[in-house]
Amino acid sequence: MSESTVAPPEGPPEATSSDPSRRTFIATTTVVGGAVVAGGLIAESSVLGAERADAADASPSSRVTLTVNGERRTITVDNRTSLLDLLREHLELTGSKKGCNAGACGACTVLVDGRRVNSCLTLAVRLEGAEVTTIEGLAKGERLHPLQQAFIDQDAFQCGYCTPGQIMSGVGCIQEGHTGSPEEIREFMSGNICRCGCYVKIVRAVEQTAHGK
């Protein structure tokens with residue numbers, strides 16, 4: 001009796017090493033898809049960043065003409081620029097100091113049309129035609145302003161950081177006529193902080209200038 005030959009049942013072809021497995025296919029798809037999404041987010045972020053930078057560059061600006069220490073100046077500035085930043089960054093008059101930048105310490109005090117102001121809180125574009133005097137504009141050549149000399153005579157400073165603002169405030173205080181007593185001087189210069197605590201000598205310097213003491 002001859003043996004019959006039975007063909008093996010047909011089935012799916014065996015996977016070769018070159019065919020990707022199901023797990024490999026899913027992992028590859030996930031990685032590639034994630035890269036595409038991440039690439040899209042990065043590109044979108046770059047576009048948004050560029051748009052914001054362009055918007056910042058397009059901030060409105062204005063030309064302002066004012067007299068600073070006797071010299072007429074015309075400057076184009078961002079409308080948000082403070083008088084303090086105009087003086088320090090645009091005109092390189094760095095005598096006025098940036099202390100708190102919130103109007104609380106008086107280190108930035110200057111005179112605008114003869115009145116004391118905190119330059120950090122004053123918008124430059126609002127000073128069209130104004131006359132500004134800073135600490136650099138007090139001396140007449142080599143001759144110091146009387147209050148500057150009085151600060152030296154009374155040794156009314158230590159670190160010196162607040163001194164320009166103290167002197168400018170003292171000049172304003174004298175011009176306003178608020179020097180009738182040490183108590184009045186302290187009251188009308190209370191917005192100027194001296195972290196070294198030279199208040200007694202500062203008052204004496206203002207008295208010396210106001211009354212020739």
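A patch here is made of residues with over 30% relative accessible area and no salt bridge, and nonpolar side chains are joined into one when they lie within 5 Å. Keep that in mind for the first view, and remember that this is a predicted model.

View 1. Leu144, Ile152 and Phe157 together make a nonpolar surface patch of about 240 Å². Find Leu144 in the loop between strand S5 (131-133) and helix H3 (146-153). Leu144 has a relative accessible area of 35%, so it counts as partly exposed.

**View 2. Inside the largest nonpolar core.** This core has 20 residues, and Leu147, Phe151, Ile167 and Ile202 touch the most other members. Helices H3, H4 (163-176) and H6 (199-211) each give two or more residues to this core. Look around Ile167: leaving aside neighbours within four places in sequence, Ile167 is in contact with Ile135, Leu138, Leu147, Gln148 and Phe151. Another core, of 16 residues, lies apart from this one and includes Leu83, Leu87, Leu91 and Val112.

View 3. Glu176 and Arg116 form a salt bridge, with their closest N and O atoms 2.7 Å apart. Because Glu176 sits in helix H4 and Arg116 in strand S4 (residues 115-118), the pair ties together parts that are 60 residues apart in sequence. Glu176 is partly exposed at 32% relative accessibility, and Arg116 is partly exposed at 23%.

Methods. Residues numbered from 1 in each chain as written. Predicted model: local features only at pLDDT ≥ 70, side-chain atom pairs only at ≥ 80, totals over all residues. Heavy atoms only, no water. Patch = residues over 30% accessible without salt bridge, like charges linked within 9 Å, V, L, I, M, F, W, Y side chains within 5 Å. Areas by Shrake-Rupley, 256 points an atom, 1.4 Å probe, with all protein chains shown as cover. Salt bridge = Lys/Arg side-chain N within 4 Å of Asp/Glu carboxyl O. Helix = DSSP H or I, 4+ residues; strand = E, 2+ residues; numbered from the N terminus. Buried < 20%, exposed > 50% of the residue type's maximum accessible area, 1.4 Å probe, protein only. Core = buried A, V, L, I, M, F, W, Y, C linked by side-chain atoms within 4.5 Å. Contact = heavy atoms within 4.5 Å.
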